[in-house]
Amino acid sequence: MSVNEIKPVAIGDILVGPGQPVYMIGEIGINHNGDVEIAKQLMDVAAKAGAQAVKFQKRNPDVAVPEDQKSKRRDTPWGEMTYLEYKFRVEFEDEEYTEIDRYARELGIQWFASPWDIDSVNFLDRFDAVTFKIASASVTDIPLLEAVKATGKPVILSTGMSTLEQIDKAVETLGTENLVMMHATSTYPLPPEEVNLLAIPALRERYNVPVGYSGHEIGTAISVAAVALGAVTVERHITLDTSMWGSDQKASMEPEEFIRLVADIRTVETALGDGKKRVMPGEESKIESLRVVK
């Protein structure tokens, strides 16, 4: 199946796929550190950049945190506490997501989240999330995939840490209807030698679905190159300041860098054209003055 034959996926009122504007996602994740006002500031960054969506993470820590990790002590900006207490401290619930939903509508951008457990699937479905993002860590969690599939919503499937056999099983569970896949490498920060951008066309050819790129590298060049290779969506972590406390902050983009990335990607998607070689309008006046006719 050629690129042009791959059917775009409707995420809310936005089509994601070949021939459509690159669907830019600012991943807030847990970089809000449990503060909805920080989350809103990051949503402002995404909207200013011209991204179509922001993404969060949703967990029920009682379920998602491994038993052997729950009681481990951790130093945090709020003092020493157990890992379980920390995860609850930074987790958003109904009040925060109600405000996020309201603010996203005010800004005119979409929001969604990666659920890490079935409780979180049900939670997000109550908010009528436009899509579900499967995190790379959840590719092999078949009950979770089945719960997401049952919602009937479009799915964005990240593929970091996964073999083709594991991805095959996930796709078998989710189906290819309304599926967008994302090439990813789950190294933070991601060195160039582990990026493997040529997996983007390889995944597209294998699964016949739109394929994007979820990046964890430093800088903008690799994400821009992903678009040149056909990525239909690009997701990057965003933060107000990479020196903020939190595990994902250092592999995230500060506001001006994310704004520049979106602008560069918009330039590249325009520059890609339609692939039909021809004389361009700007060349017409140069033919007579520069070309030697014999």
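User: What makes T76 count as buried?

Analyst: In this predicted model, T76 has a relative accessibility of 11%, and since buried means under 20%, T76 counts as buried. T76 is placed in strand β5, residues 73-76, and, leaving aside residues up to four places away in sequence, T76 touches M81, Y86 and W245.

User: How do you know that the side chain of T76 makes polar contacts, and which backbone atoms lie at the other end?

Analyst: A polar atom of the T76 side chain lies 3.0 Å from the backbone nitrogen of W78, and the T76 side chain reaches the backbone oxygen of G79 at 2.6 Å. A polar contact requires a pair of N or O atoms within 3.5 Å, so the distances of 3.0 Å and 2.6 Å both meet that cut-off.

User: Is T131 buried or exposed, and what is the reason?

Analyst: T131 counts as buried, because its relative accessibility is 0% and the limit for that label is under 20%. T131 is found in the loop between α6 (118-126) and β8 (132-134). With residues up to four places away in sequence not counted, T131 touches I11, F112, P154, V155 and I156, and a polar atom of the T131 side chain lies 2.7 Å from the backbone oxygen of P154.

User: Why are M161 and N178 given separate labels for accessibility?

Analyst: M161 has 59% relative accessibility and therefore counts as exposed, the cut-off for that label being over 50%. N178, at 34%, counts as partly exposed, because this value falls between the limits of 20% and 50%. M161 is found in the loop between β9 (155-158) and α8 (164-174), while N178 is found in the loop between α8 and β10. Each is a residue other than glycine with a positive phi, near 60° for M161 and about 65° for N178.

User: How do you know that the span of helix α11 agrees with its number of residues?

Analyst: Helix α11 covers residues 255-272, and at 1.5 Å a residue its 18 residues should span 26 Å, which agrees with the 26 Å between its end C-alpha atoms. Just after α11, G273 takes a positive phi of about 65°.

User: Which residues of α11 are buried, and what covers them?

Analyst: The buried residues in α11 are P255, F258, I259, L261, V262, I265 and V268. Residues three or four places apart on an α-helix point the same way, because there are 3.6 residues a turn. What covers the buried residues of α11 includes β3 (23-29), α1 (36-49), α10 (221-228) and β12 (233-237).

User: How large is the volume of the largest pocket, and what lines that pocket?

Analyst: The largest pocket has a volume of about 530 Å³. Of its 22 lining residues, those closest to the centre are V3, P18, G19, L272 and G273, and the elements that give two or more residues to the lining are α10 and α11.

User: What does UniProt place at residues 42-277?

Analyst: The UniProt record, an unreviewed entry, places the feature "domain: PseI/NeuA/B-like" there. In the model, the span 42-277 is 43% helix and 18% strand, and its end C-alpha atoms lie 41 Å apart.

How values were computed. Residues numbered from 1 in each chain as written. Predicted model: local features only at pLDDT ≥ 70, side-chain atom pairs only at ≥ 80, totals over all residues. Heavy atoms only, no water. Helix = DSSP H or I, 4+ residues; strand = E, 2+ residues; numbered from the N terminus. Buried < 20%, exposed > 50% of the residue type's maximum accessible area, 1.4 Å probe, protein only. Polar contact = N/O pair within 3.5 Å; in protein donor to acceptor, adjacent residues only side chain to side chain. Contact = heavy atoms within 4.5 Å. Expected span 1.5 Å × (residues − 1). UniProt positions renumbered as here; feature names shortened; annotations may be inferred. 1 Å grid on protein atoms, 1.4 Å probe; cavity = no way out; pocket = protein on both sides within 12 Å on 5 of 7 lines; lining within 4 Å. Points joined across faces, edges and corners; volume = space filled by probe spheres on them.
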